[in-house]
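Here are my notebook entries from a browse through this model.

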Amino acid sequence: NYSSNEELLAKLQAGGGGYDVAVPTDYMVFAMIQLGLLEPLDRSRIPGIANLDPRFMGRASDRTNRFSLPIHWGTTGIARNKKLFPGPIRAWKELLGRTDLKGKFTLLDDARETLGAALRAQGHSINTRKADELAQAQSLLAQARLRVKGFSTETKVPLIQGEVALAQAYSSDALQAAAATGGTVEYFIPEEGGTLWVDNLVVPKGARNVAAAHAFIDFLLKPEIASRTVATLWLGTANREALKHLPEAVRSNPGLFPSEAVLRRLEGMEDLGAATAQYDRAWSEVKAGVR
């Protein structure tokens, strides 16, 4: 397990791991392809491709799916423990700007996600390359840093145990917390929108067991197997046939499968190219308390 896509990338670049299959998010797939870190997939060995939803194929990260196949997807939004914070909150600008939330919320320890939330709060794209828009987001986060309880990618346990009232969270973690607390924790997409991410199956360059890797990928694409991921990890599935194996209560969960209206407010992350350095610098300064 890795806490971020960047951590996985660093491991593969260093030649470590010895993995036959990895699961990066779509924007990182693009970077890995550019760096020559992935093996092309032999589609003839993966008949389960036929089960995949065309909506998740051919994304900008890998237009021909030569190196990757989608397995599941989710969103990034806000989780709320209703007992600890009964009041309404519906927007990123509230989470990041309200002074009465001091010490009550956490933000993800993820540069793209957290800067992205600040960008959306100000009406900008999470993929902006404009220096002035990024500066505005950095300024907003610098102010929020004075009130935030902490930065962490682990949100499920703190939400369940009542250690935090509000959290920027990946949908999977938040929905697991909601299930574990009988609905005390709720998850929602803020009114400004959020992030839609797709996790993909890839075979790292130099994998020792390429045939087994293909067999394992095909196994994961079996509808009955893919549906188990939804029910246990609360991840949306990119496998359209797997939906038939899900109970109606799961299929109709709006946090897991948002409406088309909500989906239109979401963005997928893009590789930023040269602008990545600007984001890294902005994030480092936010974490260091530079204002």
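Is Asn65 buried or exposed? I found a relative accessibility of 5%, so Asn65 counts as buried (buried means under 20% relative accessible area, exposed over 50%, partly exposed in between, with a 1.4 Å probe and protein chains only).

Ground rules before I go on. This is a predicted model, where local features need pLDDT of at least 70, side-chain atom pairs count only at pLDDT 80 or more, and totals for chains, interfaces and linings use all residues. Residues are numbered from 1 along each chain as its sequence is written, and side-chain values use heavy atoms, with hydrogens and water left out.

**Entry: positive phi**

I looked up the backbone of Asn65 and noted a positive phi of about 50°, although Asn65 is not a glycine. Most residues other than glycine have a negative phi. Asn65 sits in the loop between α2 (26-34) and β1 (69-81); helices (H or I, at least four residues) and strands (E, at least two) are DSSP runs, numbered from the N terminus.

Trp234 went on the list too: its phi is positive at about 55°, and it is not a glycine either. I located Trp234 in the loop between α9 (223-233) and β7 (236-237). With a relative accessible area of 18%, Trp234 is buried.

**Entry: α9**

Pro223, Ile225, Ala226, Ser227 and Val230 are the buried residues of α9. They pack against α8 (210-220), β7 and α10 (248-251), with contact meaning heavy atoms within 4.5 Å.

**Entry: Arg112**

Next I went to Arg112, in helix α4 (residues 111-121). Arg112 is buried yet has no salt bridge (a side-chain nitrogen of Lys or Arg within 4 Å of a carboxyl oxygen of Asp or Glu). The nearest side chain of opposite charge is Glu6, 6.4 Å away; Lys and Arg count as positive and Asp and Glu as negative, while His and the chain ends are not counted.

What does the side chain of Arg112 make a polar contact with? I found the side chain of Asn127, at 2.9 Å (the pair must be N or O atoms within 3.5 Å, one able to donate a hydrogen and the other to accept it). A polar atom of the Arg112 side chain also lies 3.0 Å from the backbone oxygen of Glu270.

**Entry: α4 and α12**

Last, I noted that Ala111, Arg112, Thr114, Leu115 and Leu119 in α4 meet Tyr279, Ala282 and Trp283 in α12. α4 and helix α12 (residues 276-288) pack at about 85°, with axes 10 Å apart. The two helices are therefore roughly perpendicular (65 to 115 degrees).

Conventions. Axes fitted to C-alpha atoms, helices over the stretch in contact; angles between N-to-C directions. Parallel < 35°, antiparallel > 145°, perpendicular 65-115°, else oblique.
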